[in-house]
Amino acid sequence: MINEDDRLMQLFAACSNAGRWGDDDELGTLNFITPAVRRAALDEVRLGESVSIGLDLDVHASSKNTDPLVHVVDPYERDPLAARDRIEIAAHGFTVTHLDAVAHVFWEGAAYNGRSAREILGERGLRYGSVHAARDGIVTRGVLLDVAAARGVPWLQPGDWVSVADLEAAESLAGARVTSGDAVFAHVGLGRREREQGPEDPSLRAGLDADCLAWLHEREVAVWSGDCVERLPYPSTVMPLPLHQIGLAAMGLCLLDCPDMDALVAACEAHRRATFALVIAPLRIPGGTGSPVNPLALF
């Protein structure tokens, strides 16, 4: 029987998009979002309703928010003509809605397209594969895959696995097949569980089985998001974060972390549909390893 480390290394090779769009490509799976995909996504807008699916930035430290927002407001005496403030945001983590740069995560010293981590990471950030590559924004179709609803449970338990069968059951429930260029939002009920049981322990999370990465690769998914990210802890010493290490370093998969899934699920339930137009505009940060974002779901 193949062990988990060997299976993950095989998945890394099988799912690799290295060279698929050229040796200098920095967009990764965002290449699946063609002009035709964008036009079709805008056809999802029927009511003209816009829903923010970004989380509020939080200045309060907690077990999840270990590097909180720094927000400094200048006193009135400094400028009596205008209110001014300054902010400092650590984009990565469990509490800021953010877009990962394609070269945010490495495996065996290399980033997406086989670029050497040592060569591309400098004092001013990433010389290759930074979030600046996505500066023209992301416009595509979003698809809600409600794994918790498909299982008939309010939420998945910490440490639960989400399988390909779960994704396909949720796809069937949604009544919409995931196709090339889509942004997939997987819902496992984390927000509901936290309201009932208190804040989660981020070191023990329900999340994807690595086999799901092959499914995302086959379906040509452009963006992965939701409250279902890494299953933590993952039983591998070689690749403890396979969604990020295979997803980013092999596939160039665009990862949108920490969206407000409660807001998205509520909007989809209100409109009795699981598809919508998605708009994401990252900050223009040359060299940035990621960017806080306020994604919009349009119905």
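## Terms and model

Helices are DSSP runs of H or I with at least four residues, numbered from the N terminus. The model described here is predicted. A search of the whole structure finds 20 salt bridges.

## A pair within helix α1

R7 and E4 form a salt bridge. Their closest N and O atoms are 2.6 Å apart. Both residues belong to helix α1, which covers residues 4-15. They sit 3 residues apart there, so about one helical turn separates them.

R7 is buried, at 16% relative accessible area. E4 is partly exposed, at 22%. The cut-off between the two classes is 20%, because buried means under that value.

## A pair between helices α4 and α5

D166 pairs with R151 in another salt bridge, with the closest N and O atoms 2.8 Å apart. D166 lies in helix α5 (residues 164-174), and R151 lies in helix α4 (residues 147-151). The bridge therefore ties together parts that are 15 residues apart in sequence.

D166 is buried, with a relative accessible area of 13%. R151 is partly exposed, at 36%.

## A pair between helices α5 and α7

E168 and R219 also meet through their side chains in a salt bridge, at 4.0 Å from N to O. E168 is in helix α5, while R219 is in helix α7 (residues 211-219). This pair links distant parts of the chain, 51 residues apart.

E168 is partly exposed, with 37% relative accessible area. R219 is buried, at 9%.

## A network

Salt bridges also link residues into a network. Its members are K64, R193, E194, E200 and R205.

Terms used. Residues are numbered from 1 along each chain as its sequence is written. This is a predicted model: local features need pLDDT of at least 70, side-chain atom pairs count only at pLDDT 80 or more; totals for chains, interfaces and linings use all residues. Side-chain values use heavy atoms; hydrogens and water are left out. Helices (H or I, at least four residues) and strands (E, at least two) are DSSP runs, numbered from the N terminus. Buried means under 20% relative accessible area, exposed over 50%, partly exposed in between (1.4 Å probe, protein chains only).
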